[in-house]
Amino acid sequence: MCGIVGYIGSKDAKDTVLSGLQQLEYRGYDSAGIALVHDHEIKIYKDQGRVDHLREICNVSFSSNLGIGHTRWATHGIPNKLNSHPHISNNERFVLVHNGVIENYKKLKLTYLNDYKFYSETDTEIIANLIEYFSNQGKDTRDAVLTAISELEGSYALLVIDKKDTNKIYIAKNKTPLIVGTGESGITIASDVIPLAGHCKNYISLEDKTFGYVTSDEIHLFNYFNKEISFDMKQLDISSNAFGKGDYDHFMLKEIHEQPSIIRHLVQEYFDKEKINISTEIIQCIKNCTKINLVACGTSMYASYMAKYYFEKLCNIPSEVFVASELVYSSPLILDKPCFIYLSQSGETADSIAVMKKFMDKGFPSIAITNSVNSTMANLATYHLNIFAGKEIAVASTKAYIAQIVVCAILAKAVSGQKTNLKNNLSKAALAIEKILEDKILIKNIAKEIVKANDLFYIGRGIDYWVCLEAALKLKEISYIHTEAFSSGELKHGSIALIDQGVPVIAICTQEGTNSIVRSNLIETKSRGAKDIVFAMESMSEASDDFIIPNVAHYLAPIVSVVVCQLLAYYVATLKGNDVDKPKNLAKSVTVE
Ligand code: G6P
C-alpha cells in the first residue's frame, strides 16, 4: 500500500525521492506526490496517477537537498489531487506524508481543530494541523510532533518538514514500517529497504512508538517519553540490481522463473545432509500443542491449506486454516494448547498482525513464516522462519506461495521426526518446474483460447482444489476475468447453474485418488456446454489433456501444478494488455485492516 521516501543530503532530493517512489510502485497506489525544499520554501507537487506523471508535473529547474514523497493507496477519500500527499498545515509551516490509518481522526478534529480549514477528506491532514496546533501553543517542533503523535490512535509512518527549519526531517513510526538508511551522501528514509539500495550502507528499521529527526548526517531517535534512545545500525547488503527485471518483460515472469532455484535454496538452508535444520524450540512448540491454527490472507492463506495437510498427515496434529480478517473479530473455541502459525509473504499484513497480537496477548505462542526477517510479524512472533524467496515485487504473489509450502513441508517433517525423502522429492519438483517453464509456449496457446472469456472456473478435489483456489485468485487478480474455484463435487449443488456455452472449466488432476471423479465432474460441465481444459500429472494423463505436469511426489504436486496456472494467468493478462505487475485496485502489502 502507500509508500514513503524521504531524502536529505548532498544529492538531488528530487531524483532520489522520485526514483525511490518508483521502486515502491509494486506496493500498489493510485496517486503520488512530493515536497521539495528550495530556498527555505517548500514546493509541493502531487496528483492522481503514476510516478511517471508526477515526474512530468514536477519539472523543476532548481535542485534541492531535502525532499519527502509518497505514493497513496486511497483509504479515506477518493484518489485525486487534493487527497494526495504531501499535506500541509493551515499556516503552511508543516508539510507531511503519512502511511497508515488514524482511527480517531474525527475525534481529534472535533477536540482540537474546530478553527482549522480542511481541504482533503483524508485522516492525514489532521496530523499536519495537530502539529501546528501544538506548535502554536509554544512548543518547539520536536515537542509539537511528539504531542501530536501521542494523541494518534492507529498506524502511521510519518515524515514531517518544518518550513522554519529546513535542515531536518522529523520522523515517527507506529505499526507501519519505516526504515532509515545512511550513506556517504546523506540519509534516506523509506517504507522498505528497496529505495535505500545504491544510496545507503547501513540502516535501521524503527521500532513502534519511536520518533525523532534526521539531518543530512545524523539520526536522533526518542521514545514517547521524549528520552533519546540509542540504536545499532545494520549493514545493508543489497544492491540496486537485485530489484531489476533482468531480461524479463515483467517482474511476475521473472519471479515465476525463480521458483526452481528458490526450492534448491530452501533445501540448502534447511537441510544439513539428511538432517533438518530448524530450531528445537520451534519443533517443541509445535509438538507441545494440541491444535495448530494457521492464520493468513490471500495467497498465503491458500498456501496454509497445504500446511494443514502436512501437519495433519505427518504430525497427527489437528490443524485449521483461518482468514485473518475474520479471526480478528471472532472468537473461535480455543481448546487445550493451541499453537498459531502465521504465513505472510510481507510480514506486514495488518489483519494478520492484529490476530497475532490478539492471541499473543492471551499467551498463545506464535510462529511467523515470512519472506522478511525485519518485518513486523517476524519481530513480534515468538518464533520466526524465513521462506528465503527474495524480494517479491509483482503484486500477484507466485514464488512466495511455493516457498511457504516448501517451508511448511520441511517444518512438518522435522516435527514428525520421520525419516525423509523430502529433500530428494523437492529436487525433483524443482526439475519438474523447469520442464514446465521450457514448455510455456503451450500454456500461452491455452491463454489465447480463454482470453475472451467473461467467466472461468477451476475445479479439483482435495489438494488439487486448494491449488484451484490459488489458480483462480491469480487469474482474476491480473486478467480481471471473473474466476472461481470449485471443489468439483460441489458443482452440482448449485454452481453448475453458472455453466453456459463456451465457459472454460479447467480441471487440475494430480492425485490418483480423485483423478477419475474430477474428470467425471468435468464431463458433467462439458455436457452443459463448458469448454473443458485439463492440467494433469503425467502418470494419470490422457491423450486429450491440455497440459501434462511432470510427475512429482503427490504431496508436492501443488508447487508444480500451480506454476502452470501462474503462467496461464500471466499470458492471459499480457494478451489483454493489462499492467501485469501492478494490477488495478490491488496492493502488495496490505497495511490497513
Ligand atoms: C495482498 C497481496 C497478495 C497477498 C496478500 C497477503 O493481497 O496482493 O499477493 O497474498 O496480500 O499478503 P502477505 O504479505 O501477508 O502474504
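This is a predicted model: local features need pLDDT of at least 70, side-chain atom pairs count only at pLDDT 80 or more; totals for chains, interfaces and linings use all residues.
The largest pocket holds about 1,200 Å³ of space. Of the 45 residues that line this pocket, those closest to its centre are Tyr203, Ser372, Val373, Asn374 and Ser375. Strand E11 (202-205), strand E15 (234-235) and helix H12 (376-380) are the elements that give two or more residues to the lining of the largest pocket. Sorted by class, that lining has 17 nonpolar, 16 polar and 12 charged residues.

The second largest pocket holds about 490 Å³ of space, and 25 residues line it, with Cys297, Gly298, Ala587, Lys588 and Val590 closest to its centre. At least two lining residues of this second pocket come from each of helix H9 (298-315), strand E20 (338-344), helix H11 (350-361) and helix H16 (463-479). Its lining divides into 10 nonpolar, 10 polar and 5 charged residues.

**Helix pairs**

| Helix pair | Axes come within | Crossing angle |
|---|---|---|
| H4 (residues 124-136) and H5 (residues 141-151) | 8 Å | roughly 130° |
| H9 and H16 | 9 Å | roughly 170° |
| H7 (residues 259-270) and H14 (residues 422-438) | 8 Å | roughly 165° |

To begin with H4 and H5, their axes cross at roughly 130°, and that angle makes H4 oblique to H5. The crossing in which H4 passes H5 is right-handed. On the H4 side, Leu130, Ile131, Phe134 and Ser135 take part in the contact, and they meet Ala144, Val145, Thr147, Ala148 and Glu151 in H5. By class, the residues of the contact of H4 with H5 are 6 nonpolar, 2 polar and 1 charged.

Helices H9 and H16, which each supply at least two residues to the lining of the second largest pocket, also form a pair with each other, and their axes cross at roughly 170°. Because angles over 145 degrees count as roughly antiparallel, H9 is described as roughly antiparallel to H16. The H9 residues in this contact are Gly298, Thr299, Tyr302, Tyr305, Met306 and Tyr309, while H16 contributes Ile463, Trp466, Leu469, Glu470, Leu473 and Lys474. Gly298 therefore has a place in two parts of this description, being in the H9 contact and among the residues closest to the centre of the second largest pocket, where contact means heavy atoms within 4.5 Å. The contact of H9 with H16 divides into 8 nonpolar, 2 polar and 2 charged residues.

For H7 and H14 the axes cross at roughly 165°, and the two helices are therefore roughly antiparallel to each other. H7 passes H14 in a left-handed crossing. Pro260, Ile263, Arg264 and Val267 of H7 make the contact with Lys423, Leu426, Ala430, Leu431, Ile433, Glu434 and Leu437 of H14. This contact of H7 with H14 has 8 nonpolar and 3 charged residues, and no polar ones.

**Backbone details**

The peptide bond from His85 to Pro86 is cis, with omega near 0°, and Pro86 lies in the loop between strand E4 (66-72) and strand E5 (87-88). At Lys273, a residue other than glycine, phi has a positive value, near 55°, and Lys273 sits in the loop between strand E16 (271-272) and strand E17 (275-276).

Key. Residues are numbered from 1 along each chain as its sequence is written. Side-chain values use heavy atoms; hydrogens and water are left out. On a 1 Å grid over the protein atoms alone, a cavity is a set of points where a 1.4 Å probe fits but cannot get out, and a pocket is an open set with protein on both sides within 12 Å along at least five of seven lines; lining residues have an atom within 4 Å of a point. Grid points are joined across faces, edges and corners, and a volume is the space filled by probe spheres set on the points. Helices (H or I, at least four residues) and strands (E, at least two) are DSSP runs, numbered from the N terminus. Ala, Val, Leu, Ile, Met, Phe, Trp, Tyr, Cys and Pro count as nonpolar, Asp, Glu, Lys and Arg as charged, and the others, Gly among them, as polar. Axes are lines fitted to C-alpha atoms, for helices over the stretch in contact, and angles run from 0 to 180 degrees between N-to-C directions. Angles under 35 degrees count as roughly parallel, over 145 as roughly antiparallel, 65 to 115 as roughly perpendicular and the rest as oblique. A crossing is left-handed if the near helix is turned anticlockwise from the far one by less than a right angle, and right-handed if clockwise.
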